[in-house]
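Trainee: I am new to this structure and would be grateful for a close look at a single part of it. Please set that part in the context of the whole chain.

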Amino acid sequence: MEDDYVSRSELDSLRKEYESDNEWRARRMFLERHCDDYRRARLLCLSQIFININFLGCKYSETLMAKVREMGAGICEQANNGCRKNFEKGYSKGSAGRRAGAGPPSKVRKTAVEAPETAKAKARFQNFMLLKAEISVMESRMDALQSLNQAASRVKVAWELKDVDKDGRIALNVDNVTVLRCTFPGGKNPVAKQCAAAATLAAISCENIEIRNVAGNLELWRGKIGPAECYGDYVTSALHKAAILLPEQGTAYARLEKALQSANIPLKFVAEQGTGWQERIALTVLNVELASAVLKKSECIKGREAQRKEELAAAIISMISSPTLKIVEAQKGFTIAV
């Protein structure tokens with residue numbers, strides 16, 4: 001899984017067929033140094049950026065360069081002298097890093113994800129690779145909108161959330177590539193913007209992204225997951241991740257709350273006044289209602305409310321552990337079903 005950590009026992013299997021001995025020696029040392037610090041997808045991305053900077057002379061934002069420079073301090077000197085000059089200065093043009101001593105790769109370079117054939121799509125694909133690199137070093141304290149704004153600003157691309165039709169279907173485009181297309185009840189409200197941004201960041205960060213030309217429009221795809229499936233896939237993947245991260249000890253509500261926090265989709269408890277003396281309570285993440293219940297007048301006491309929260313949490317834990325979990329559209333957002 002992309003959220004696993006890289007184990008030291010599998011390091012040698014991560015070498016790419018086009019990597020020269022010098023490139024692989026440096027990248028392997030980078031991976032080994034940080035395999036306990038970063039999850040798989042992020043670490044693999046950072047390790048490739050490290051090689052791109054020091055062997056291929058690629059340029060990124062100052063923030064990203066500083067981060068990778070700190071992470072890779074001393075590695076080039078230990079591995080070989082081929083990239084030492086580039087690493088200490090930060091940048092070089094062209095392929096100076098490779099000319100400095102790395103030597104040509106033994107095989108023709110290929111990409112793990114093939115870029116689309118059209119020149120326009122290829123240019124967009126390169127921008128998405130830069131976005132992916134910037135997202136990998138974003139500060140966790142920023143919300144999804146802040147992160148997307150900052151990454152787009154650093155790569156110098158625009159993004160927009162626009163209405164597709166009158167039924168509330170919206171699309172999020174980055175650099176004129178549609179990443180997400182989904183119906184959000186209420187349209188482009190602040191909650192929808194945050195949710196769409198979070199799903200977009202997750203989609204761009206995936207390993208197997210590609211840009212396809214669909215009926216004249218460029219779209220971001222990951223295997224069978226396209227813009228229409230983007231949001232549902234993001235939510236269900238996060239909920240499945242939470243199911244794996246569930247603590248063994250504690251109440252159902254406490255376990256669920258901690259697991260969802262670890263999956264970066266914090267749990268919210270919502271209590272609303274219903275008809276008469278009734279009260280409606282719900283447990284939600286993002287704009288997805290996981291479970292709800294209506295408390296009658298006789299149940300509107302603190303002890304009973306806590307008991308119902310426990311019952312709802314237990315039901316949610318059972319559902320998010322199901323392989324058939326899916327999200328479905330509801331009146332004010334989404335809910336889950338199996």
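Mentor: Val191 is a residue of helix α9, which covers residues 190–204. Val191 has a relative accessible area of 45%. Because this value falls between the limits of 20% and 50%, Val191 counts as partly exposed. Along the chain, Val191 and Gly333 are 142 residues apart, yet 9.9 Å separates their C-alpha atoms.

Five strands make up an open sheet with mixed pairing, and their order is β6-β7-β8-β10-β9. At the edges stand β6 (268–273) and β9 (326–329), each of which pairs on one side only. On average, and with direction ignored, neighbouring strands of the sheet are turned by 45 degrees against each other.

Within the sheet, the pairing of β7 with β8 can be followed in detail. Strand β7 spans residues 279–285 and strand β8 residues 288–295; the two run antiparallel and are joined by 7 bridges. Ala282, for instance, has Ser292 of β8 as its bridge partner.

A helix also belongs to this picture. Helix α10, formed by residues 227–244, lies across β7, β8, β9 and β10 (334–337). Relative to β9, helix α10 runs at about 135 degrees.

The whole chain provides the setting for these parts. The protein chain contains 12 helices and 10 strands. Of its 338 residues, 47% are buried. Among contacts in the chain with a separation of 6 or more, 53% are between residues 24 or more positions apart. The accessible surface amounts to about 17200 Å², and carbon and sulfur atoms account for 50% of that surface.

Finally, the confidence of the prediction deserves attention. The protein chain has a mean pLDDT of 81, and 83% of its residues reach 70 or more. Among the elements of the chain, helix α11 (residues 252–262) has the highest mean pLDDT, at 94, whereas helix α6 (residues 96–102) has the lowest, at 41. The pLDDT is below 50 over residues 87–112, a stretch that has 59 contacts in the model beyond near neighbours in sequence.

Methods. Residues are numbered from 1 along each chain as its sequence is written. This is a predicted model: local features need pLDDT of at least 70, side-chain atom pairs count only at pLDDT 80 or more; totals for chains, interfaces and linings use all residues. Side-chain values use heavy atoms; hydrogens and water are left out. pLDDT is the predictor's confidence in each residue, from 0 to 100. Helices (H or I, at least four residues) and strands (E, at least two) are DSSP runs, numbered from the N terminus. Contact means heavy atoms within 4.5 Å. Two strands pair if DSSP finds at least two bridges between them. Axes are lines fitted to C-alpha atoms, for helices over the stretch in contact, and angles run from 0 to 180 degrees between N-to-C directions. Buried means under 20% relative accessible area, exposed over 50%, partly exposed in between (1.4 Å probe, protein chains only). Accessible areas come from the Shrake-Rupley method with a 1.4 Å probe; for residues, only the protein chains shown count as cover.
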